[in-house]
Amino acid sequence: MAQRGGEQTRRRILKAATGLFAERGYERVTMKSIAAHCGVTESALYRHYSSKASLYSAVLSAAGTQVDVQGALAALDRTDDLGDILSGLAQLVITRFTRECQVTRLLLHSSLENHPRSWQAFREIRRPLVEFLARKLRTLQRRGDIQNIHAVITARCFVGMVMDCALCQDLWWKVQGRVYAPRRVIANNVQIYMRGLIRS
């Protein structure tokens, strides 16, 4: 029973830390503020996580699971149609990362702060998307369906473009006074990418 209580406390700490790191970034969060936020003492917090760095690492690992990129990619892996691959991947990114705002903010903060573990945020959350698309592009190249392009660079650019759409909707609203529906963004951008990739 004590072990179950310990696991619940650990989950509560992880949830509080995720929210604080997503809201304030790594540097502006202290172990004291995390302890206060989840209602435990600092010494109890240190029993579960030896340092802020180890807690941050656990937060980033949990973020990848929270978004469940791998599960969604497994379903998308069944097709070799370029339009379906690009549309499905774009839909996945926009829906998952718009819904999971904390995960999105963690990615941004880790990158902007140039945190030593920013690589982990990309490894857990963004790399699977790029690797999936690069693999699919290589398959299409071998079949002669698309041009001879650098698969990883192309995949990184596509994922980056779509993630920008997911991350910056609120900002574009403030700048332009409008937000385009995700479906419209996907339809527009997928067509542009396909025209550039498909072999004439």
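Mentor: Helices here are DSSP runs of H or I with at least four residues, numbered from the N terminus. One case is H7, residues 101–112, where His109 sits.

Trainee: What does His109 touch, leaving out residues up to four places away in sequence?

Mentor: Contact means heavy atoms within 4.5 Å. On that basis His109 touches Phe21, Ala22, Glu23, Arg24 and Gly25. His109 and Glu27 are 82 residues apart in sequence, yet their C-alpha atoms are 9.6 Å apart in space.

Trainee: Where is confidence lowest, and where is it highest?

Mentor: This is a predicted model, where local features need pLDDT of at least 70 and side-chain atom pairs count only at pLDDT 80 or more, while totals for chains, interfaces and linings use all residues. Residues are numbered from 1 along each chain as its sequence is written, and side-chain values use heavy atoms, with hydrogens and water left out. pLDDT is the predictor's confidence in each residue, from 0 to 100. The chain averages 84, and 87% of its residues score at least 70. Helix H10 (residues 169–176) is lowest at a mean of 70, and helix H2 (residues 31–38) is highest at 93.

Trainee: Which residues of H5 are buried?

Mentor: Buried means under 20% relative accessible area, exposed over 50%, partly exposed in between, with a 1.4 Å probe and protein chains only. In H5 (residues 69–76), Val69, Ala72, Leu73 and Leu76 are buried. They cover an arc of only 100° around the axis (taken from the directions from the helix axis to the C-beta atoms), so they sit on the same side of H5.

Trainee: How many salt bridges does a search of the whole structure find?

Mentor: Look for a side-chain nitrogen of Lys or Arg within 4 Å of a carboxyl oxygen of Asp or Glu. The search finds seven. One of them joins Arg11 and Glu7 at 4.0 Å, N to O; both lie in helix H1 (residues 2–24), four residues apart, about one turn of the helix. Arg11 is partly exposed at 49%, and Glu7 is partly exposed at 39%.

Trainee: Is Lys136 buried or exposed, and what does it bridge to?

Mentor: Lys136 is buried, at 3% relative accessible area. Its salt bridge is with Asp77, the closest N and O atoms being 3.2 Å apart. Lys136 lies in helix H8 and Asp77 in the loop between H5 and H6, so the pair ties together parts 59 residues apart in sequence. Asp77 counts as partly exposed, at 30%.

Trainee: Which residues make up the network of salt bridges?

Mentor: Asp77, Asp80, Arg135, Lys136, Arg143 and Asp145 are linked in it. Asp80 pairs with Arg143 at 3.4 Å between the closest N and O atoms.

Definitions and conventions: Helices (H or I, at least four residues) and strands (E, at least two) are DSSP runs, numbered from the N terminus.
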